[in-house]
Amino acid sequence: MISEALQKAREFEEQYGAYIDAEERPLFHLTPRIGWMNDPNGFSFYKGKAHIFYQYHPYSTKWGPMHWGHAVSEDMLRWEYLPAALAPDQSYDKAGCFSGSAIELEDGQQMLLYTGVREKRREDGVKLAYQTQCLAFGDGRDYVKYAKNPVLGEQDVPEGFSRHDFRDPKIYRRPEGGFGCVIGNRSDDKSGAILLYESKDAIHWHFRSVLDRCYNEYGKMWECPDTFELDGKQLLLVSPQDMCQAGLEFHNGNGTVCLIGSIDEQRGCLERERVQAIDYGIDFYAPQTLLTPDGRRVMIGWMQNWDTCIAPEGSKWFGQMSLPRELSLRDGRLIQHPVRELERLRGRRIAYHNVPVRAETVLQGIFGRTLDMTVTVRPQTADSYSVFRVKFAKGSQHYSSVSYRPDSSTMRISRVHAGYNRDFVHERKCFVADRGGELKLRIILDRFSAEVFVNDGEQVLTMTFYTPQSADGISFEAQGHAVIDVEKYDLMV
Ligand code: FRU
C-alpha cells in the first residue's frame, strides 16, 4: 500500500521532473529528479544493478521533510530515476525519513534501514526530535515499512550517548555471519561517536560497542558512518558536524574524516593508526560506499556543503552526487580513483607532449565542460617554477582554477571568479606530496563541478560552480617555467 504522502511525492516528481531539460543537469552526476537532494542513501547493488537513494525534498530546492528519492544504474554514472521510495508518513518518521542504507536479503527482498525522526514537545514547550532506526522491505521499486518499526530506539542507546542525535545506520554483512550496523551519535561530552549494533536476522538488533569516539577532537556529531575492510585494514568513514580547522587537513564546519586501523575484536573498537580528510575541496559530504560484484569498494558523496546551500536562481533542482570513486590504500593513506566505468564515456582524445609553459597558454582543442583531462607537470630544473595553474570554466569574465606551489607543496582550488555573488567559502588548500615540482592532475569536469585527483588519487579536491556553460575555456600557466603533457577526452553519455 502506497501512502497518500508517497503517492503525492511520486505524482509531483513525475509531473515536474519532466520539465527539467537534460542540458540543465550535469551529464553523469546524479541530481534529484526535482527539488532538493542531500546525502546518498542505500548505495548498493541489488539484482545486478547499482541502486542509490537520496535524501529528498521534491517540493522545493531547500531542505524539508525528508523523503527518499531513488535511481538505478548499470555503470554508476548513467542513472535512471525510479519513483520516490519513502515518504514521512508514519508516527515514528513524521518529521523525516533520514539517512540510511540498503541490503539484499537471503529471500531476495531489498531491505532499507533508515532513521525515522519524530518530534515531541516537552512540558516546557521545547520541541525535541527523537531518532530511531526503522526498516522497509521491497522489490527494488516499492517498499513496505515494517509493522514493528522502530527496530532500534531510545532504550537501545547506551548510557552516556544521545537519544536525539542517533542516526544514519549503515548495514553490512559480517564475514562470520549475521549483520552489523554502525550508527552516528553524539556522546555526553557533546562530541562525535559511532555506535556498533549486531543482528542475526537484520531485524532484531542489540548494542555491541562504541566503535570509536573523538572526545571533542573531530567535531560535535558524527553523521553518516560507513565501515569496511580495505587492503587489510579497517576503515571508518564519518562526516562530523562543527569541526574546527586543523592545519590544512581539516577545515571549519562539516567535514569528512577517514579513520584507518584495525578492530580490537574483543572490545569491538577501532584501534586507529591514521586519521585523514577524505576530500580536500569545498563540496563533499556524507559519503557512503558499496562493494561491486567484482569486489571493488566504491564511494559516492553528496557533492555539496551544508554552509553554502544556495540554489542558483531559477534552478529546479539543487544538490548533486559526486563521481563514484574506487578506494584503495597506498602507504597507509586512502587513495581514490574515478570509477573505471568513466573510461567508457570517453570520446574524442587530444594529447600534447612536452609543452613548455610560462605565461598563460591555451592549447588548440583543449576546452569543454564535460571532460576527463590528465595534466602531467615537470619542472625544467628543480626550482624552475613557483606556481603552476590550470584555469577552467573560463570565459571573458569567469574562471575557476587549481594551482600548485612546489615551495610549500600546496594545492589550491578556487571558484572566486566563478560568478558567485555571495560571500562564502570559495577557496580551499591542502598539502600534497613533494615530488620536486612534479605533479599529476586528473581533472573531471561535468558542467557544474570539478573533481581534481592529485598524484594518482592521493588527494581529491571537489567543488561545484554554476558558471554559464559558454565559459568553457581552459588555460595553463606557470610563474617561471614548467613543461606539461596534456591528455583530454570529451565525455559523453
Ligand atoms: C547529513 C544529515 C544526516 C541526516 C540527513 C538529514 O547530511 O544531517 O545526518 O540523516 O542529513 O537529511
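Eight bridges connect strand E13 to strand E14 (residues 233–241), and the two run antiparallel; strands here are DSSP runs of at least two residues, helices (H or I) being runs of at least four, numbered from the N terminus. Two strands are taken to pair if DSSP finds at least two bridges between them. The model is a predicted one, in which local features need pLDDT of at least 70 and side-chain atom pairs count only at pLDDT 80 or more, whereas totals for chains, interfaces and linings use all residues. Residues are numbered from 1 along each chain as its sequence is written, and side-chain values use heavy atoms, with hydrogens and water left out.

Another open sheet of four strands has the order E9-E10-E11-E12, and its pairing is antiparallel. Strand E9 (161–173) and strand E12 (205–213) form the edges, each pairing on one side only. Neighbouring strands of this sheet are turned by 30° against each other on average, direction ignored. Seven bridges join E9 to strand E10 (residues 179–187), the two running antiparallel; Phe166 has Asn185 in E10 as its bridge partner.

Salt bridges, defined by a side-chain nitrogen of Lys or Arg within 4 Å of a carboxyl oxygen of Asp or Glu, number 44 in the structure. Asp212 forms one with Arg272, their closest N and O atoms being 2.8 Å apart. Because Asp212 lies in strand E12 and Arg272 in strand E16, the pair ties together parts that are 60 residues apart in sequence. Asp212 is buried, at a relative accessible area of 8%, while Arg272, at 30%, counts as partly exposed; buried denotes under 20% relative accessible area, exposed over 50% and partly exposed the range in between (1.4 Å probe, protein chains only).

Glu477 takes part in salt bridges with Arg389 and with Lys391. The closest N and O atoms are 3.3 Å apart for Arg389 and Glu477; Arg389 in strand E24 (residues 385–394) and Glu477 in strand E31 (residues 473–480) are 88 residues apart. For Glu477 and Lys391 the closest N and O atoms are 3.4 Å apart, and this pair likewise links strand E31 to strand E24, across 86 residues. Glu477 has a relative accessible area of 15%, and both Glu477 and Lys391 are buried. Elsewhere, a network of salt bridges links Asp294, Arg296, Glu326, Arg340 and Glu341.

Asp39, in strand E1 (residues 35–46), is buried yet has no salt bridge. The nearest side chain of opposite charge, that of Arg167, is 7.2 Å away, where Lys and Arg count as positive and Asp and Glu as negative, His and the chain ends not being counted. A polar contact of 2.7 Å joins the side chains of Asp39 and Ser99; such a contact is a pair of N or O atoms within 3.5 Å, in which, within protein, one must be able to donate a hydrogen and the other to accept it, residues adjacent in sequence counting only if both atoms are side-chain atoms. Leaving aside residues up to four places away in sequence, Asp39 touches Phe53, Tyr54, Gln55, Ser99, Cys224, Ala286, Trp302 and Met321, contact meaning heavy atoms within 4.5 Å.

Terms used
Axes fitted to C-alpha atoms, helices over the stretch in contact; angles between N-to-C directions.
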